[in-house]
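Biologist: I have the model open beside its sequence. Could we go through a few of its local features?

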Amino acid sequence: MIKQFLGRLPRKPSSKSSSSDPSPSSDPIPSRAAALGRVPSSNGYYSYEPLPSFRDVASSEKPALFVKKLAMCCVVFDFSDPSRNAKEKEVKRQALLELVDYVGVANGKFTELAMQAATRMVAANIFRAFSSSYSECRRLRPDGFDAEEEEPAMEPAWPHLQVVYEFFHRFVASSETDAKLAKRYIDHSFVLRLLDLFDSEDQREREYLKTILHRVYGKFMVHRPFIRKAINNIFYRFVFETEKHNGIAELLEILGSIINGFALPLKEEHKLFLVRALIPLHKPKCVALYHQQLSYCITQFVEKDFKLADTVIRGLLKYWPITNSTKEVMFLGELEEVLEATQPAEFQRCMVPLFRQIGRCLNSSHFQVAERALFLWNNDHVGNLITQNRKVILPIIFPALERNTRGHGHWNPAVQSLTLNVRKLFLDSDQELFEECLLRFQEAEAKEKEIQEKRELTWKRLEDVAATKAVSNEAVLVSRFASSLSMPSSSPRATVGS
């Protein structure tokens, strides 16, 4: 009885076993050293002994070999020196290629152990910190391009990274990957680190990330709100803090397909995303780098809910560029796309401030801005909206049209010709309104000329008085008539009598 009782007590560990060495069963995934044969080399890496190919083992052994190969590929090599560990790098690359092929032809559900090993291998290889040279030392020109180095930096480890990304893409897209199990490892933390990689300067990497994130969004429905919120935060930081990020175009491209799939009626959350994140993206100087994708997202919202047209147009007017002509041409192009999806009721809500801005564009000294604004009349839908509301619109833009054609007019002949065409459209559609606007313009022009003559006369009187008092220190008195007119003190003429 005593022997049976003592046999149930826990035995004291043997002194031969080291307390620091875990038992083989403590980690369900084989360690890197176990997968590589535990042969240390002088450079700190384990010498790679290639594992058997999947073709050389029985089907029952393939899942275990899959996990071993994943553990083997967790070792990350330094690619700053191409000649270092060349043999080991090639062994790893071949192992990665075998993993890609295995995932593509897998005919059984991946186990939880395999999913854990796969995400661990992917994380070990792709998650890394970028050098601080981009965020601290890089100087950007106003148009957003690098002033000293137009070619972006290429990732030296791409020979391995590309295969890892291809493996992860196939793994996520595979029908053998159970989303309910995989979400334990492709969790919020994993997604956030994946999004951080979009700031990579290597466009090849961003293209893979774009495809993979889109797959993750489609497969893991539970992560969708979190992914949208995380992208929002990237946009907020970009617009209101740094104005520096390499992956805004790719993120917007993903959002374009996401927005296209929004159910109707749109949720308030999605409308807030439009107002707080997408519209402010027109503000940064480097908007040209992602404007095409941004314009597509904006247009998608208006096509989904035409009532958002007024919000979008007023948002464009809020961030309308003042001195950047290239950006102004892009805004006019986006405006035309939005107006194509705008209904008459929404158009009427914003047409007054809109055509005040278009009127300023018509008189722009940059011919491309004026020309692009005049091209709006070539769009049938926009032209119909303008014609239906000509009684409000023509009085706003008539002075701009006349200034382009009267006297010396606009310096560019093409702009003058287009202006005459638009002017004729209004004349043909409503001659009475046109003549009324012409009369008002002539009256305003005469009044302005009269005011200018009075101003010149006042300055002449001041100059004459100053000339007679120049010898003495006597103060120059200004009559009530002269003081009633606005005379900017900063004008050079104001200093004549001083």
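Biologist: Is Ser200 buried or exposed?

Modeller: Ser200 counts as buried because its relative accessibility is 3%; buried means under 20% relative accessible area and exposed over 50%, with partly exposed in between (1.4 Å probe, protein chains only). This is a predicted model, in which local features need pLDDT of at least 70, side-chain atom pairs count only at pLDDT 80 or more, and totals for chains, interfaces and linings use all residues. Residues are numbered from 1 along each chain as its sequence is written, and side-chain values use heavy atoms, with hydrogens and water left out.

Biologist: Which residues does Ser200 touch, not counting those up to four places away in sequence?

Modeller: They are Phe130, Glu205, Arg206 and Asn246, where contact means heavy atoms within 4.5 Å. Phe130 is 70 residues from Ser200 along the chain, and their C-alpha atoms are separated by 7.3 Å.

Biologist: Changing topic, how many disulfides does the structure hold?

Modeller: The structure holds 0 disulfides, a disulfide being a pair of cysteine sulfur atoms within 2.5 Å.

Biologist: And what is the relative accessible area of Cys286?

Modeller: The value for Cys286 is 8%, so Cys286 is buried. Cys350 also counts as buried, at 0% relative accessibility.

Biologist: Which residues make the contact between H3 and H5?

Modeller: Phe66, Val67 and Leu70 of H3 meet Leu113, Ala114, Ala117, Ala118 and Met121 of H5. Helices here are DSSP runs (H or I, at least four residues), numbered from the N terminus.

Conventions:
Helices (H or I, at least four residues) and strands (E, at least two) are DSSP runs, numbered from the N terminus.
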